[in-house]
Amino acid sequence: MTDRLLDLANTPWAAPIVRALRLPRPRVLARRTAPRSPQEFAGREVQVLEGLGGFAAASCSEGLASQGAGLSGKGSLHAVVVDATGCTTADSLAWLHAQVPSAVGRLADSGRVLLLANGDAQGPEAAACARAIEGFTRSLAKEAGRRGGTANCIYLAPSALPALAGPLGFFCSDRSAYVSGQALRLREAQAAPALALQGRTAVVTGATGGIGIVTAERLAADGMFVVCVDVPATAAALDALARRIGGSALPLDITASDAGRQIAEAVSPRGGVDVLVHNAGITRDRTLARMTRAEWDSVLAVNFRAVLAIDRALDEANALRPDAREICLASISGIAGNAGQTNYAASKAALIGYAEERARELADRGITVNAVAPGFIETAMTDRIPFMVREVGRRLNALMQGGQPADVAEAIAFLARADAQGISGQTLRVCGQSFLGA
Ligand code: NAI
């Protein structure tokens with residue numbers, strides 16, 4: 001899990017050699033993984049650019065200032081928010097070219113750019129312009145990546161403004177270090193308290209794995225009681241994790257016929273589950289012609305069928321609390337496909353479709369359902385990939401490096417929060433703007 005090029009490119013004596021050899025020069029990314037603070041942006045300067053006719057700039061300034069951001073316009077910037085909701089004609093797009101470069105030029109390394117596009121665009125020209133903002137974002141993200149920065153886009157309508165504070169906080173902060181070139185749609189929702197996590201109950205499956213363990217720790221750090229689920233063979237590690245974070249351990253094979261019932265029973269004394277993270281997953285890679293039926297079945301069973309069965313059991317037991325958050329771990333393999341992973345890609349794409357439709361079904365109870373799709377994450381799993389294949393996988397993104405499990409955990413923690421209620425039925429990629437399936 002060591003990225004030697006990242007180390008060398010950021011070491012004073014070695015950096016000139018890396019440059020001379022024309023090797024990729026990834027930057028060390030600024031990350032924030034501490035529990036959420038009401039003053040997330042204390043000591044940080046942010047600039048909000050207001051496009052003609054836009055409706056979001058005032059809410060952005062207010063939202064960022066209330067989280068401690070400085071808006072004086074002085075010094076180097078941590079983030080730039082571009083209110084492009086008023087860009088609804090082809091002519092108006094020139095505003096991007098006129099205004100954005102000078103602000104972006106003042107960004108510090110690992111700076112953030114967030115563009116807001118009109119999610120309520122009326123007519124073909126306005127819809128095209130909103131999409132132009134997304135295209136602009138994706139290219140800007142590739143440029144920003146050279147300095148460890150990111151750019152992302154949110155589509156929103158005026159009715160979604162009350163739900164903007166949470167996503168604004170995530171995309172403008174160092175919590176989204178490995179999320180870039182993404183576009184999410186914010187739905188209409190009421191404002192929600194930012195820090196309403198204390199005492200809530202989370203369930204994380206695959207909790208002793210590379211991403212699961214950091215996710216369980218992260219949710220516990222935000223004040224949640226975490227029920228840690230993993231196969232019985234990991235019972236000792238599961239116990240140690242649960243003890244460390246003040247949660248409970250549930251050794252369980254999620255493909256067991258009574259897995260959903262066992263999870264429902266585990267959360268019942270706590271009144272149900274507030275945050276459900278379907279994280280357990282396996283790979284059994286082989287090209288389709290050589291793949292055995294057992295390899296196909298086992299991947300579909302763990303990655304997809306177990307999710308369906310657990311949710312069905314939780315629904316029957318009415319165990320999902322109102323305003324619950326459900327998060328399914330998909331993969332960019334489920335978006336781009338990958339040779340040797342027909343089983344895995346099918347299961348992960350299934351979760352993306354599942355999250356879309358289940359979100360609709362549960363919307364009237366305030367429950368959100370989303371997928372998180374990691375790209376190349378530095379875990380024991382990716383460390384086992386042969387060197388050359390690993391190097392390619394790791395560098396093929398705008399940030400020229402792999403992500404950390406903590407990056408995925410931050411994305412999950414963001415979607416788990418009360419103030420992410422405007423995001424549902426969507427897939428958030430944590431992939432450094434991977435060039436695969438972009
Ligand atoms: P990992 O292999 O480190 O952890 C997976 C965990 O799931 C393990 O602790 C394992 O014991 C558990 N598990 C497997 N089968 C189970 C079963 N039947 N019942 C209960 N638990 C079971 O994997 P990692 O890297 O932490 O991945 C977590 C999730 O993220 C997975 O769904 C994976 O597909 C997904 N993902 C990971 C990527 C990466 O680069 N590491 C990239 C894209 C997606």
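Is the crossing of α4 and α5 left-handed or right-handed? This tour begins there. The model is predicted, so local features need pLDDT of at least 70 and side-chain atom pairs count only at pLDDT 80 or more, while totals for chains, interfaces and linings use all residues. Residues are numbered from 1 along each chain as its sequence is written, and side-chain values use heavy atoms, with hydrogens and water left out.

**First stop: α4 and α5**

Select residues 94–105 for helix α4 and residues 124–144 for helix α5. Helices are DSSP runs of H or I with at least four residues, strands are runs of E with at least two, and both are numbered from the N terminus. The two axes come within 13 Å and cross at roughly 30°; axes are lines fitted to C-alpha atoms, for helices over the stretch in contact, and angles run from 0 to 180 degrees between N-to-C directions. The helices α4 and α5 are therefore roughly parallel (angles under 35 degrees). Their crossing is right-handed, the near helix being turned clockwise from the far one by less than a right angle.

Next, display the side chains of L96, V100 and V104 in α4, which meet I133, F136 and L140 in α5 (contact means heavy atoms within 4.5 Å). By class, this contact has six nonpolar, no polar and no charged residues. Ala, Val, Leu, Ile, Met, Phe, Trp, Tyr, Cys and Pro count as nonpolar, Asp, Glu, Lys and Arg as charged, and the others, Gly among them, as polar.

**Second stop: α7 and α8**

Select residues 210–221 (α7) and 235–245 (α8), whose axes lie 10 Å apart at an angle of about 20°. That makes α7 roughly parallel to α8. Here I213, A216, E217 and A220 of α7 meet L241, R244 and I245 of α8. The contact has five nonpolar, no polar and two charged residues.

A cavity is a set of points, on a 1 Å grid over the protein atoms alone, where a 1.4 Å probe fits but cannot get out; lining residues have an atom within 4 Å of a point. The largest cavity holds about 70 Å³ of space, a volume being the space filled by probe spheres set on the points, which are joined across faces, edges and corners. Select its lining residues, including R36, R175, R218 and D222. Helix α15 (405–416) gives the most to this lining, with three residues. By class, the lining has three nonpolar, one polar and six charged residues.

Technical notes:
Parallel < 35°, antiparallel > 145°, perpendicular 65-115°, else oblique. 1 Å grid on protein atoms, 1.4 Å probe; cavity = no way out; pocket = protein on both sides within 12 Å on 5 of 7 lines; lining within 4 Å.
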